[in-house]
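Here's a short tour of a protein model, written for someone just starting out. Have a look at the picture first, then read on.

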There are 2 protein chains.
Amino acid sequence: MTHMSGTLGIVAGGGELPIAIAQTARDKGRAVFILALEGAARPSDVASFPHGFVSIGEVGKAIRLLKQAGCSDITLAGRVSRPDFGNLKLDTRGAMALPRVVAAALKGDDALLRALLGLFEKEGFTVIGSAEAARDLLAPAGPLGKLKPAKEDQSDILHALRVVRAMGALDIGQAAVVCRGLVLAVEAAEGTDAMMARIAELPGALRGTVKQRKGVLVKAAKPHQERRVDLPVIGLHTVELAKAAGLAGIAVESGAALIMNRTAVAANADRAGLFVYGFGSAEFSR
Amino acid sequence: MTHMSGTLGIVAGGGELPIAIAQTARDKGRAVFILALEGAARPSDVASFPHGFVSIGEVGKAIRLLKQAGCSDITLAGRVSRPDFGNLKLDTRGAMALPRVVAAALKGDDALLRALLGLFEKEGFTVIGSAEAARDLLAPAGPLGKLKPAKEDQSDILHALRVVRAMGALDIGQAAVVCRGLVLAVEAAEGTDAMMARIAELPGALRGTVKQRKGVLVKAAKPHQERRVDLPVIGLHTVELAKAAGLAGIAVESGAALIMNRTAVAANADRAGLFVYGFGSAEFSR
């Protein structure tokens, strides 16, 4: 199932994920090429890998660079802000693809992603998910560090999962924070970071504190989500945010979420007094 | 159905709503008494009405003051932050009621409200909703000012309503912002104001601007909501927030939401170039 032949092409937006994938694949001995999106991926992050830069509208150039690098498998990862379709730097291929992409974008993020995947597949690339490109990033089952969710945390995980699934069915977001049964925050277009930042601004009676941690962050894939592109991701930054928000821990579905820098995440969570837990799909199903 | 006899008791939290109710009832010739909650209602706001102050834990004193004022109907309105149950100023009655109230609080805001209503009903008060106490506050059908939702806005209203109903079924919140099909924000524990404030921080490509308004705020009651207590409310402040967020307008369900200072809301919305729309439950049902 896993294609280990040829160079892995990583179409890279911003954030740590594309780099974590490149690193993990290279550690396994695979050649990688990063196609970095201008304005999203940082030059300093991609510098230590073979790479090239394109604007998001330069579809022709993107395909040419990936082919020149010998990529047959490609994976899309990292944050990309929704482009301003009126002010896009387009090449011919980009201009031709634009109407379909804009139409898809109006239907939601998932539709937009599927349209982009379709473009690459038509060119003969095999689009694989982050998990397939770097299997070692997949969240394992059970506690990652030394701490486990207590009984109340388990109820909060279950309720947050229910919320995230309801949200996901409407293509809203993939994260929620629940504290002792109360939904503190739900992620929409602002993203997980901004959602987490506002927890600390809520009235103290509603939430945990650094001294008395309570509440959980749950991230889970949308039910109909294009799993090749957009699995939930956590990393060191997520642990920092959960720590600052006074949460008891973080939970993701094992095998259906990615954890970047797993060893360091476990160590930092232990130090902060947080659990990081991979629940089974059976454990909390429905 | 409407009880117009006797003094109307208004158990008042923070914000404009309790004052709007008192004003509206008094304009109709009804005597009112405001039972103001310490730390929530502002002394300057209640000063021009007969009133008394109690802590949220002084249940015995609250009942005594309401009875002394000759109230038989009471209504609960305004924002109250969830009390820190460990640090509550309690009288005997408050202490006796506490275990039940804390247990209810753990089940969500609606359960908490129902428990509080139960306390008053046991004492022989009739608890009525804001709408019954001040019927003139109910949102009318159709556009409030000169502007109407355009076709795209109607789709956004429909989608936002779908989101709010899904949220409401899980007791999460009662407001969402949708812009051209994309869910920009969903309200949870942070409240509508904080939710609206973050719209302007989203990437420009996702949202409207003061010059090119798009997107809508929809507020709607939770499906199982205790309508006597917690109908969605909009007012001048909501118009300000929608204006700053670059939205095209605000929509609420006619007959199931409250509009404070209706005339001024319509005038300010017109001036800002926003619609304020009361949709029928049939118009956007399912």
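How many bridges join strand β1 of chain B to strand β4 of chain B? Six of them do, linking residues 7-12 (β1) with residues 71-77 (β4), and the two strands run parallel.

## Before we dig in

This is a predicted model, where local features need pLDDT of at least 70, side-chain atom pairs count only at pLDDT 80 or more, and totals for chains, interfaces and linings use all residues. Residues are numbered from 1 along each chain as its sequence is written, chains are lettered from A and ligands numbered from 1 in the order in which they are written, and side-chain values use heavy atoms, with hydrogens and water left out.

## The sheet in chain B

Strands of a sheet pair through backbone hydrogen bonds, either parallel or antiparallel. In chain B, five strands make an open sheet with parallel pairing, in the order β3-β2-β1-β4-β5. Strands β3 (51-54) and β5 (126-127) of chain B sit at the edges with a single partner strand each, so one side of each has no neighbour in the sheet.

Zooming in on one spot, B:Ile10 stands opposite B:Thr75 in β4(B).

## Helices on that sheet

Helix α1 (residues 17-27) of chain B lies across β1, β2 (32-37) and β4 of chain B, at about 170 degrees to β1(B). Helix α3 (residues 59-68) of chain B packs on the sheet too, touching β1, β2, β3 and β4 of chain B, with its direction at about 170 degrees to that of β3(B).

Those angles run from 0 to 180 degrees between N-to-C directions, using axes fitted to C-alpha atoms, for helices over the stretch in contact. Contact means heavy atoms within 4.5 Å.

## Over to chain A

Chain A has 10 helices and 13 strands. What is the strand order of its five-stranded open sheet? In chain A the order is β3-β2-β1-β4-β5, with parallel pairing. Its edge strands, β3 (51-54) and β5 (126-127) of chain A, each pair on one side only. Strand β2 (residues 32-37) of chain A pairs with β3(A) over four bridges, in the parallel sense, and A:Ala36 has A:Phe53 as its bridge partner in β3(A).

Of the 286 residues of chain A, 57% count as buried (under 20% relative accessible area, with a 1.4 Å probe and protein chains only).

Technical notes:
Two strands pair if DSSP finds at least two bridges between them. Buried means under 20% relative accessible area, exposed over 50%, partly exposed in between (1.4 Å probe, protein chains only).
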